[in-house]
Amino acid sequence: MGSTHLLSLLNDDLLIRILSLITHDSDRKAFRLVCKTFLRVDSFHRTRIRILRPEFITTLFSKFPRINSLDLSICPQIDDGAVATLVGYGSPGWSIRLRKLVLSRSTGLKATGLEMLMKACPALECVDVSYCWDFGDREAAALSFGGSLRDVKMDMCLGVTDVGLAKIAIGCQCLEKLSLTWCIEITDLGIDLLSKKCTQLKHLDISYLKVTSGSLRSISSMEKLEFLAMVGCGIVDDEGLHYLGKGCPSLQALDVSRCDRLSSSALAFLINGHPSMLHIHASYCFHEYPNKVIQGLKDLKNLKTLILDGAPVSESFFKNINFNCKYLVEIGLGKCKGVTDMGIFQLVSGGRSLNVLNLTCCSDLTDNAISAITDSCQSLLCLKLECCNSLTEKSLYLLGLHCSLLEELDLTDCFGVNDTGLYYLSKCTKLVCLKLGLCTNITDKGLYSIARNCSEIRELDLYRCKGIGDDGLCALSSGCKRMQKLNLSYCSEVTDKGIECLGHLPELSNLEMRSLLNVTGTGLTALATRNHRLAELDVKDCANIDDSGFMALAYYSRNLQQLNLSHCAISDVGLCMVMGNLTCLQDAKLVNLYNVSTNGFEVALRACCGRLKKVKLVASLRQHLTLDIVKTLRARGCRIRWD
């Protein structure tokens, strides 16, 4: 039976079911390319889209009739004028069915445009304006026109105060999820009004706000609140946790990491009041053994996540965890003093179902600890072992033998990792993320083993692995076609040949290659001409790349959003070409470009001032650039960092 006839047997309902199981963008793209029927089914099935140019919105929404999520975060031309044109053009059908809108880093958008969007999208339930640094109370007031909003993300909206939050609280009383991380102008007053007006809130993040325990007293009245994050709220003390312990009856997850004025007894009091708690994050809170917290865990029979990074622990801690927390699937012990082989044995004995284990900087651990983990936790998905310097290739042998489901492994700065160990580890064929930075004993031979067997890898860190060269990168380009993120910084043996091989990685979008002195414009040209997916590139200190490489980058790498050119040999002409041609570029680091004149900087910045959102320049340049270009950049929403 021919393949064409076989495809004809697949009706639309079956194809839609198949498509729903395809999660990766590259696989969905391959699905669309099979035939017109598959393309039509994908067009009907697609519900979200991310675009670069706003003028295509109406066309795309008519082509994809089920789109309800729009991402404009990479669109550099979103400002009030673009929104006015968009909202007033053609049929309003696209905006009426919109449920989710992502405007992250849309620094050119102001209150007028945001208000137009809110009014044009009456069914909007979720909006993300995170990292819109200049957003203030006027923009917050514009958001308040979204009366049906249930999820608002406002991280790093530095200008929003209690007044703006009050507008949102009054106008969006259906809110269920709100993130205010780093909105540093918000105080107890704003949180108090929020708690009174938004009674449906289930998820609240107030991390790094300058709030006191008074805010927690207000939050304690939220009967439906399930998740509360307050990372880095250094003014909050034990009194605040006592308020929470008596309130928030639905609370299931709490993150009090880096709240260094809290005691273990206060957290234990909160735990005692919430026996249904599922997730506790308390990293870098306790300088002494958190005895009260550990004793309180006996009441949390269903606890799934416990993160205590940085806390001193003892063997009794591990016994208590093993005995009381039978359903624990994630535990974080990074930089905890007192973590030993015996403690790990006691933690995992009895057949634990741990999926995620963080043992970063637990330097006393040996292969015996890994033996205990691999014997008991064969469903392990993520293991972090950074700076565990006593581990040898035996640990990797055990991981390869028993932990076939492992997806993420961090071996950064583990001296015992060598080529033989990577050969053993390559049996973990489901690895997606592997970090080998500062593993100075690995070479191309070990990387070849990984490339041959671990075809699912998407992120690989080889920072300062000086034994890695061109042959290893060629092996990666053949075996790891799904690679998306790669760090080669300070891999001094890499030359143009190795960088050219990376052009054969079709999904590579994030490449860090600092201080590769053997790479020239030839290598960068070869990479740019073959790979058009690059979105983030760091070539800092690549002193031998000349304008030929940067010209190729400007011509071919049109999807670049972040670029670090610091300490490179680029000239005035090269910089102007790069900054003018890369229409997606939003973040540029341009420190110590010795071959670029002040006039070159001026022209280059003018060429991209309408879309650049963040730029880093050497401090001495501040005295020489015209005041006009600095004002223009800031007026367009660009943050300038003077280094």
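User: How many cavities of 30 Å³ or more does a search of the whole structure find?

Analyst: Welcome! Keep in mind that this is a predicted model. A cavity is a space where a probe fits but cannot get out. Here the search of the whole structure finds one of 30 Å³ or more. The largest cavity holds about 50 Å³ of space.

User: Which residues line the largest cavity?

Analyst: Its lining is made of Leu-385, Leu-391, Thr-392, Ser-395, Leu-396, Leu-399, Leu-411, Cys-414, Gly-416 and Val-417. Sorted by class, seven of these are nonpolar, three are polar and none is charged.

User: And what is the volume of the second largest pocket?

Analyst: A pocket, unlike a cavity, is an open set of points. The second largest pocket has a volume of about 270 Å³. It is lined by 18 residues, and Asn-510, Leu-511, Glu-512, Glu-536 and Asp-538 are the closest to its centre. The lining divides into nine charged, five nonpolar and four polar residues. At least two lining residues come from each of several strands, including E19 (510-512) and E20 (536-538).

User: Are helices H21 and H22 roughly parallel or antiparallel?

Analyst: Look at the angle first. Helix H21 (residues 444-453) packs against helix H22 (residues 470-479) at about 0 degrees, with the axes 8 Å apart. Angles under 35 degrees count as roughly parallel, so H21 and H22 are roughly parallel to each other. Residues making the contact include Leu-447 and Tyr-448 of H21 and Leu-473 and Leu-476 of H22. By class, this contact has six nonpolar, two polar and three charged residues.

Conventions: Residues are numbered from 1 along each chain as its sequence is written. This is a predicted model: local features need pLDDT of at least 70, side-chain atom pairs count only at pLDDT 80 or more; totals for chains, interfaces and linings use all residues. Side-chain values use heavy atoms; hydrogens and water are left out. On a 1 Å grid over the protein atoms alone, a cavity is a set of points where a 1.4 Å probe fits but cannot get out, and a pocket is an open set with protein on both sides within 12 Å along at least five of seven lines; lining residues have an atom within 4 Å of a point. Grid points are joined across faces, edges and corners, and a volume is the space filled by probe spheres set on the points. Helices (H or I, at least four residues) and strands (E, at least two) are DSSP runs, numbered from the N terminus. Ala, Val, Leu, Ile, Met, Phe, Trp, Tyr, Cys and Pro count as nonpolar, Asp, Glu, Lys and Arg as charged, and the others, Gly among them, as polar. Axes are lines fitted to C-alpha atoms, for helices over the stretch in contact, and angles run from 0 to 180 degrees between N-to-C directions. Angles under 35 degrees count as roughly parallel, over 145 as roughly antiparallel, 65 to 115 as roughly perpendicular and the rest as oblique. Contact means heavy atoms within 4.5 Å.
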